Amino acid sequence: MKRLLHYLSGYKLESILGPLFKMLEASFELFVPLVVASMIDVGIKQNNTPYILRMGGLLILLGIIGLTCSLTAQYFAAKASVLTATSLRNDLFSHISHLSYTEIDTVGTSTLITRMTSDINQVQTGINMVLRLFLRSPFVVFGAMIMAFTVNVKAAMAFVVVIPLLSVVVFGILLISMPLYKKVQKQLDQVMLTTRENLMGVRVIRAFNRQKSETARFEEENGLLVRFQVFVGKISALLNPVTYIMINFAIIAVVWIGAFQVDAGIITQGKVVALVNYMSQILVELIKLANLIIIISKSVACMNRVDTIFQMEPSIKEKENAGADSSQDASAAKVVFDHVSFLYAGAKEESLSSIDFSVKKGETIGIIGGTGSGKSTVVNLIPRFYDVAAGRVMLDGMDVRDYPLDALREKIGIVPQKSVLFKGSLRENMQWGKKDASDEEIYHALDIAQAREFVDGKGKGLDLYIEQGGRNLSGGQKQRLTIARALVRKPEILILDDSASALDFATDARLRRAIKENTEGMTVFLVSQRAATIRGADQIFVLDDGKIAGKGTHKELLNHCDLYREICLSQLSKEEVEQDGR
């Protein structure tokens, strides 16, 4: 909650004016029963019509003033809650964007989406209601009790008895319901995860005709959420009937005591009506307070969940003096893996073990191996998406951990396995690689990536509209555009992580030839499961179960690495393999 108070402190004026105007509204409301009592005891009893009209006008005036105060209070409360939630959401998004792959992998995308949307929306609602009711309701409750004592002490003793009992009920239910609301929100994460998986994998689900089983799985998760919500809802629902029963018994007691006192001439009928009105005010405010407590318990649970994300520190951090000693050895190898080992968070076994190699500037490196052999993990260590568990990754003779992250990643162009494009024009997507890239630079990159032909065929040039995720493009078109985006930057190191898997062999060959001819001095890493893609590389690293099973040229590996030869025989003809090995 300290974090939430910190954000609210930025809107002190709104946070003070909201409750203040609500207190003013409540103050005017407390005078209403006294005015009604006066109308009965003086106006009606004495049949004084002008007095009744004056008091009626006073009631209307109190109502107008109260409404004005209420609207003003709600404006300031809404403004404070919306601005606080906006700041909170912006900072949470910024914090998430600075988390490393390790934290994002651990928490999960669906959980982060829930924190950004549902949880913060619930916090916003809680702030709004607290500013409007948290001071007003107790003020009216205790104010009504004090006003009742000014009317008649004996009849007001019912207030003294019922208010502590109601407080015990309200706060007792609060203590029970708060842990349950945390459980509800946790199950909501699971429903979000199931929904996201189904929406993203809808083509696979239909291809395997698994609609019924996935629907059943969703209904099971959603049903569990409903059961949690119903259970906590039943507990919370006890508030209204219990408070109604207790207040109504208190009203009976007030009327009973008041009737005897009226009969004895101690108090008037108008004062009895005033006492009943004060008891009714307490009833209304306690119901509001009970509902407010439910909202607060939800909001506190949600804020705690949001705070857990804020408390997560990114595992990838810049050193305090990163880049201070930026002297680089021009004669050093471009990239060096010095006995590198790596372990994913929560994994029991290392994904990489003792990876050791050196790459010169301008070389083309092929990395091949079976699924899960660690190919992508190796190239993800170069831009420092993950930190090594042991050893060092060197770039231009300097440990990547000693670079400022911006400076390090500015040197590298990355094309990930999954082609990701963003909603907007083709030009805007290409300028992710270089903000001020000219049209000529973009077209040059498109030419190299073998994407110019289909872009021209669309007839809209760089103004071609890209839908979210590139849904209006084929898999091969998306891959070529992501390669072009990386080439626009003209990086020192280009990493192609299995980024031509959707291309036919002819296009793949033209792409590799164009990259080699137009990227002089650029160090290129080709990660692929296709032997044809990497066989022209200056060096090829064969990975097997996180270790280097062989390294060398295509010819050398055919003669000395059984695993590489086996991969080639599974993809190329035997005659072609034997000819390459001579």
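The dialogue below goes through strands, a helix, a pocket and cavities in a predicted model.

Trainee: What are the ground rules for this model?
Mentor: It is predicted: local features need pLDDT of at least 70, side-chain atom pairs count only at pLDDT 80 or more, and totals for chains, interfaces and linings use all residues. Residues are numbered from 1 along each chain as its sequence is written, and side-chain values use heavy atoms, with hydrogens and water left out.

Trainee: What makes a run of residues a helix or a strand?
Mentor: DSSP runs decide: H or I over at least four residues is a helix, E over at least two is a strand, numbered from the N terminus. Helix H10 covers residues 239-263, 25 residues.

Trainee: How do you know how the span of H10 compares with the expected one?
Mentor: The expected span is 1.5 Å times one less than the number of residues. H10 reaches 36 Å from first C-alpha to last, close to the expected 36 Å. After H10 comes Gly-265, with a positive phi near 80°.

Trainee: Which residues of H10 are buried, and what do they pack against?
Mentor: Buried means under 20% relative accessible area, with exposed over 50% and partly exposed in between (1.4 Å probe, protein chains only). Leu-239, Met-246 and Ile-251 are among the buried residues of H10. The buried set packs against helix H7 (153-200), helix H9 (211-237) and H11. Contact there means heavy atoms within 4.5 Å.

Trainee: Why is strand S10 called mostly covered?
Mentor: Five of its five residues, 523-527, are buried. Thr-523, Phe-525 and Val-527 lie on one side, Val-524 and Leu-526 on the other.

Trainee: What makes S10 a paired strand?
Mentor: Two strands pair if DSSP finds at least two bridges between them. S10 has four with strand S3 (364-369), in the parallel sense, and five with strand S9 (493-497), also parallel. So S10 passes with both partners. Gly-366 is bridged to Leu-526, and Ile-493 to Thr-523.

Trainee: What makes a space a cavity or a pocket?
Mentor: On a 1 Å grid over the protein atoms alone, a cavity is a set of points where a 1.4 Å probe fits but cannot get out. A pocket is an open set with protein on both sides within 12 Å along at least five of seven lines. Lining residues have an atom within 4 Å of a point.

Trainee: How many cavities turn up?
Mentor: Two of 30 Å³ or more. Ser-499 and Val-527 are among the residues closest to its centre. H18 (505-518) and S10 each give two or more residues to that lining, and H18 has the largest share, four. The second largest cavity has about 40 Å³; Tyr-386 and Arg-392 are among its lining residues.

Trainee: What lines the second largest pocket?
Mentor: There are 19 residues, with Met-1, Leu-4, Leu-5, Leu-8 and Val-130 nearest the centre. H5 (109-134) is one of the contributing helices and gives the most, six residues.

Notes
Points joined across faces, edges and corners; volume = space filled by probe spheres on them.
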